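Please walk me through this structure, taking the aromatic contacts, the pockets and the metal site in turn. Keep it brisk.

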Amino acid sequence: MIKFPPTIQNLIDQFSKLPGIGPKTAERLVFYLLKWSQKEKDEFAKALTDLSHSITHCSLCHNISENDPCLICSDQARDKAKICVVAEAHDLSAIENTSEFKGVYHVLGGVLDPLHGITPQKLKTDQLVAKIQENNLTEIILAFNPDMEGEATMTYLKNLLKPFTKIKITRLARGMPVGSDLEYTDEITLSNALKNRRDI
Ligand SMILES: [Zn+2]
């Protein structure tokens with residue numbers, strides 16, 4: 001039995017791929033969109049098309065960007081001797097929103113999760129080591145969620161970076177609740193965690 005015309009069903013299927021959106025919610029979204037004017041629908045479609053055509057990754061920090069290098073990496077005022085390592089681009093935005101960090105970033109592309117096949121080789125770890133070898137760094141801040149995968153990733157990186165004895169390696173201060181998410185941590189808490197970062 002076909003419930004909806006294929007065009008509608010296709011869009012429902014596409015929305016269902018998004019996190020937190022089940023088939024029922026996807027259905028509701030699609031029927032909501034049907035009530036939009038042609039202009040509104042065109043703008044929505046264009047925003048989505050622009051996403052795939054205009055967004056690239058910065059070849060230096062691996063953040064999502066419209067420019068390569070990104071605005072942060074090409075900013076002369078940023079302290080290139082300090083690198084904040086984060087799992088994902090949205091963690092970078094969370095830290096940027098605190099205005100506390102004036103260095104540059106390295107987006108690892110995820111956290112270690114061997115059960116789901118995320119091994120160090122799947123992350124931008126080699127690129128991080130290369131960056132350290134090529135630049136005169138003073139500090140590397142590991143800014144990961146205080147959960148199991150985040151902790152495992154920090155432990156892995158700590159060992160990986162051990163040979164670079166001249167570089168200070170720090171992590172965010174305790175204070176962020178265990179299991180919390182950088183992305184959803186309020187700016188003051190995150191700003192304090194960054195300000196009071198400690199050696200590991
Ligand atoms: Zn960049």
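Start with Phe4, which is buried at a relative accessible area of 14%; buried means under 20%, exposed over 50% and partly exposed in between, with a 1.4 Å probe and protein chains only. This is a predicted model, in which local features need pLDDT of at least 70 and side-chain atom pairs count only at pLDDT 80 or more, while totals for chains, interfaces and linings use all residues. Residues are numbered from 1 along each chain as its sequence is written, and side-chain values use heavy atoms, with hydrogens and water left out.

Searching the whole structure gives 4 aromatic pairs. Rings of Phe, Tyr and Trp (its six-membered ring) pair if their centres lie within 6.5 Å; planes under 30 degrees apart count as stacked, over 60 as edge-to-face and the rest as tilted. Phe4 pairs with Phe31 at 5.5 Å between ring centres, and their planes meet at 55 degrees, so this pair is tilted. Phe4 sits in the segment before helix H1 (6-16), and Phe31 sits in helix H2 (residues 23-33), so the pair ties together parts 27 residues apart in sequence. Helices (H or I, at least four residues) and strands (E, at least two) are DSSP runs, numbered from the N terminus. Phe31 is partly exposed, at 36% relative accessible area.

Trp36 and Phe44 make an edge-to-face pair, 5.5 Å centre to centre with 80 degrees between the planes. Trp36 is partly exposed at 23%. Phe44 is partly exposed too, at 39%. Together with Tyr32, Trp36 and Phe44 form one aromatic cluster.

The space in the largest pocket is about 410 Å³. On a 1 Å grid over the protein atoms alone, a pocket is an open set of points where a 1.4 Å probe fits, with protein on both sides within 12 Å along at least five of seven lines; lining residues have an atom within 4 Å of a point. Points are joined across faces, edges and corners, and the volume is the space filled by probe spheres set on them. The lining holds 12 nonpolar, 2 polar and 2 charged residues. Here Ala, Val, Leu, Ile, Met, Phe, Trp, Tyr, Cys and Pro count as nonpolar, Asp, Glu, Lys and Arg as charged, and the others, Gly among them, as polar.

The second largest pocket holds about 280 Å³. Its lining has 15 residues, and Leu60, Ile83, Val104, Lys131 and Asn135 are the closest to its centre. Strand S3 (79-86), strand S4 (103-107) and helix H5 (125-134) each supply at least two lining residues. H5 gives the most, with 4. By class, this lining has 8 nonpolar, 4 polar and 3 charged residues.

Which residues hold the zinc ion? Its protein donors are Cys58 (SG), Cys61 (SG), Cys70 (SG) and Cys73 (SG), lying 2.3 Å from it. Donors are N, O and S atoms within 2.8 Å of the metal (3.2 Å for Na, K and Ca); water is not among the atoms, so sites may look incomplete. Along the chain, the donors follow the spacing C-x2-C-x8-C-x2-C. Cys61 lies in the loop between strand S1 (56-57) and strand S2 (64-65), and Cys73 in the loop between S2 and S3, 12 residues apart. Cys61 is buried at 2% relative accessibility, and Cys73 is buried at 11%. The angles among the 4 donor atoms run from 107 to 115 degrees, and the site is tetrahedral; four donors count as such if all angles lie between 85 and 135 degrees.

Methods:
Four donors count as tetrahedral if all angles lie between 85 and 135 degrees; four count as square planar and six as octahedral if opposite donors are over 155 degrees apart and all others between 65 and 115; anything else is irregular.
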